[in-house]
Structures are given as structure tokens and as C-alpha cells.
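Reader: Please take a close look at the nonpolar packing in this model, and then at one pair of helices.

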Amino acid sequence: MDTPVKVGAAGGAGALDPGEQTLYEVRRKLYPRAVQGRFAAWRWTFVLLTQLVFYGGPWLTWNGRQAVLFDLVSRKFYIFGLVFWPQDIVYLTVLLIISAYSLFLFTAVAGRLWCGFACPQTVYTEMFMWIERKVEGDRLARMRLDAQPLSARKLRLKAAKHGLWIALALWTGFSFVGYFTPIKALGHEVLSLGLGPWETFWVLFYGFATYGNAGWMREQVCKYMCPYARFQSVMFDPDTLIITYDSARGDPRGSRARSVDYKAKGLGECVDCSICVQVCPTGIDIRDGLQYECIGCAACIDGCNQVMDKMGYPRGLIRYSTEKAMAGHYTADRILKRIFRPRVIVYTAILWLIILAAGITLYHRVPLKVDVIRDRGNVMRGGDDPEVQNVYRLQIMNTQEVPREVSIAVSGVDGISLEAEHQPIHIGPASSRVVAVRVEAPRASIREKSTPIVFTVEAADPSHPGALPLKVAEKATLVIP
Amino acid sequence: MRLQRLIWVLWPSFIAAGVAEALFFTIFDPEELPFFGTIVGASRITTYSVGFFLFWAFAAFSSSLTCFFQRGSAELNRCPLPPTARPLGCPKRSDENASCR
């Protein structure tokens, strides 16, 4: 690739000495230029979709309660018809694995799609920049405003911008906390100024994080704080679609009039207008090649295409392409075919296997859980024919939102018997109950100091009267005092 | 630079604290958590929140030590920046062999 041409004052990054940049991060404030086009439209689609889910989610109702509620106080997570307990952490792990694999898959196919279109950092920055643009004006107006000394107008504009930012940030913080505390109650508490101290704190904390990250930090979050940005390139291969500047077509760069025959002047198709740099939210020059700062937002593609249209040149001087396609001059068709390569097929297969396995286990999950805790009260009773007596506490969890009647039995030793409170035991919907149980067994039938026994907890399913009862077996040990 | 160091310390420890918080409180119920023989009396939300900040503080302590030990010999022996590149206000802007000790 040719040596990059330094862009002038409009350029942004590139002017700093690299040594200086790594040691002393003198951040230049970026003024990304607004851009319109196919990819900007996609990004706004994702902004709307993700935020519809995020802001709207806590307001949905299911079974007369909040549909999605991570109820930390009662240690239960409700997701529509499902109720998760701390014991279900394996599903959280599986969810994380699925997310990670999806990220690997998307990255292998087309680079940082997540970063450019769906990451909250991108989404909130986009929303905050939209507010900024509406209040302060376009890129040039904003630069001019910042360069001005403080005036009544500047104060008014800045106050309006920050006021709107803070309002959006607070609403975001409120929605976030609404996933952990029922949002309607939370809303009433806010309106009556009766919000609890920790809820207040977390609304402000999340709101402040949103305001800071989307208003002030912006691209620095991606450049210095995001772990994914650092390792995403290991998932790339020469067939990964990345945002690429076609240097063979564009160089040598230079400005020219629309009417000029640039080929006769020895120029390429890049008019060196620096629009691609001006629109970049991380302030890089994509013409320098693939850089870790590139979040794959494709704003430069949209920007460049507009310029190409104006010049009457074909679009796609900057485009989604692959390393191999650039070197081998692939057609669009061939690039698309290369998506279905072994690496992508294997990633996809593994992803579907995990999703399928998770779905099946979730479907077959027994909505009854039992934890056995042995109490200290073990005694020996009787004279000639002694009996060993152990006391246990059984925590029985009914994980579905229907009441259940359960009965407990014990087995494992000849002549073993159990004494509990009057059976069957009633357990309310999505709740748990601790039941004390006394187990007795003849001393004669126990051979070892501690003998394994099995508790069986059975519950009839009231929603399916004819169905087999739910049955959970839990191991325990019987100890001779 | 100071801000960047602060981010280097606070941010990785924030992530680590989040993971530790999720794992710890999935396994241990705050209402059954022993505290010098008695049970932590606070509400679950309080224990979760205080727990998070404790995890964060510990992780930040570790991060700050990493940050502290990370300086190489060049940085410890003398300032790696040429005098003109040192920040305005640095008292050693004119001293070629200055170090930050």
C-alpha cells in the first residue's frame, strides 16, 4: 500500500507524533460529520430495534407480573413464562457461550458488525450525537461554537444539549433499574419522591455512565476500554468482509474538477476530500488500511459513495471487501460464495448445536428442585433393637408459577422410614419451602458409619391432571451417631 | 496520562468486580451470609451493592499494583520523554536526565 497522504486540518488524527500519542493521550475532540446512506439507515434501524427492546422491555406484562424481571431481592429471574433460580446459573453460562459464539461467527463473516451497528456504545453515541446535531448544528457549526468564547447563545445551546443528554441518561438509568425492581412500582416511587437509597444510587450510576460514555468518552471507550476491540482481529481471516479502501483504484489521490480527465493527469479516483475521515466516529483514515480503531460502522462507505455519486464515478471506492478479494479482484458473487467456508460452517454448526442443546434441556427442565441439608440432631434410640435417627432439612423449590402439592419419600436402607409434617406439602407458585424431616432406620440394617440414602420428592402436575407426577431424587447420607 | 492511568485501574477492576459479584451472589444468598458469627443484617439490595463495591475496591487495588509495577527501567531511571515533549508545568522540562522519582 502507498504511503498515506496526510490529511489537513480537517483530518483529525494523524497529526500527532505516534510516540507522543501512546504516552500522553492528548485527545482531540472529534466532530463526526453526519452521514446518510445505506449503512447509516441500517444503524438507525438497529438503534430503534435495540432501544425498543431495552426501553420497552420492562413495561411488558406476563401472568400478571412484569414479563422480564431480574428480581434480585427475591433471587428469581422471570423471563416471560420461565422462572430462573440461582441454581439455574448453568443457563446463564450457556447464554454467555451462545453470545460469544455468535460474536465469533459475525466477526468471522463481516468483521465488527456488532460494534458498528448494535453495541450500546455505538447506539447511545448515535442517539447523543443526534441530540447534539439538533441543538448545536452540523459539524462546522459545532466546531465554530466550541471555538467561540462563552456567550449567552453558547451557554444556552450547551445547557440545552446537556439538559437533553441528562434527561435521556436518567431515563436510561431508570429503565435499567426497572429490570431489577418492578418498574411500575419504581415509577410510583419516583413520582412520590420515595425512591429507596440504593435504587436512587443505581439509577444515577447507570445514568451517569450513559451520559459519560455516550456524551463525553465516545470513541475512547472503543479504543481504550473495550476488550473485544483488542482481540477481534484474531477472528479475522483473509475472507472476512472488512471495510476497505480500494487503493489500486483510488491512488494517487488528488483534488480535481468534475470535468477534468483525471486519468490523463495521472490521478486515481480518490478526490482526497477527506469526507471519509470527517464522518469517522473514531477519527481514523480508512485509507491507511485496517486499523484496530475501526469499529466497522461503514460511515466512510456512505460518505464516499455520496462523493462518488457527485463526481459521476462508480460507487464503492471504500466498500465491504476481503483481503483475498482485493488481491484477486473477486466479483461480488465470488466474495459471497467465500462466506460459506469451513471456518464459518463450523462456527455456525457449533452455535446451532449449543442453541439446540440448551433449548432441549430448557424444555425438559423439571420444575421442581430439592436441596438436602443434614441437621446435627442424629441420635440412637431404643435398647435391644436400636434405631438410628437423623434429621434433615429439605429445601423444595417449585420453579413454576403454579401451586403444587408434594410428598416426600426415602429409600436406600431396609426398614427406613420418614416422618415429616402432614403430607402432601403445599408449595406456592414460584416459591420454595424448607421442610424438616426425621428419618429413622433400624441399626441392624446399617453396615457403615455413613450410608447413602435417597429422598424422592413427587408432585402432581395440576395443569396436566393425567400426566405423570414430577419426580426428583436427591442423594443424602445417613450417619450413625 | 493521569486520567488514562485512572481508567486502567478502575475499568478492568469494574469488569472483574461484575463477574465476581455475579458468581459470588449466585452461590451465596446475602440473607444467609455469616458475618463474624451472625448473619449480615442488611437488606439484600444493600448487601449486593456493598458487595459490588468491595469487589471493585479489591480488584482496583490489584490493578493499581499492576500499573505501579508496570513501569520499565527506562521510566524509572529517567524520563522517557524528550524535554520538549514533557507536559507544560513539568518542573523538569529543561533537565535532559530528569526522572520522575
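Author: **Nonpolar cores and a helix pair**

The largest nonpolar core has 36 residues, and Ile243(A), Cys276(A), Ile286(A), Ala299(A), Cys300(A) and Ile318(A) have the most contacts inside it. Such a core is a set of buried Ala, Val, Leu, Ile, Met, Phe, Trp, Tyr and Cys residues joined through C-beta atoms within 7 Å; buried residues have 20 or more other C-beta atoms within 10 Å of their own, with C-beta atoms placed from the backbone. The model is predicted: local features need pLDDT of at least 70, side-chain atom pairs count only at pLDDT 80 or more, and totals for chains, interfaces and linings use all residues. Residues are numbered from 1 along each chain as its sequence is written, and chains are lettered from A and ligands numbered from 1 in the order in which they are written.

Among the elements giving two or more residues to this core are α5 (120–136), β6 (242–245) and α13 (275–278) of chain A; helices (H or I, at least four residues) and strands (E, at least two) are DSSP runs, numbered from the N terminus. The largest share, 4 residues, comes from α14(A). Beyond its neighbours within four places in sequence, Cys276(A) is in contact (C-beta atoms within 7 Å) with Ile286(A), Arg287(A), Cys300(A), Gly303(A), Cys304(A) and Ile318(A). A second, separate core of 22 residues includes Val406(A) and Leu478(A).

As for the helix pair, the axes (lines fitted to C-alpha atoms over the stretch in contact, with angles from 0 to 180 degrees between N-to-C directions) of α3 (residues 89–110) and α17 (residues 342–363) of chain A come within 10 Å and cross at roughly 160°. α3(A) and α17(A) are therefore roughly antiparallel (an angle over 145 degrees).

Note on methods:
Angles under 35 degrees count as roughly parallel, over 145 as roughly antiparallel, 65 to 115 as roughly perpendicular and the rest as oblique. A residue is buried if 20 or more other C-beta atoms lie within 10 Å of its own, exposed if 12 or fewer, and partly exposed in between; C-beta atoms are placed from the backbone. Two residues are in contact if their C-beta atoms, placed from the backbone, lie within 7 Å.
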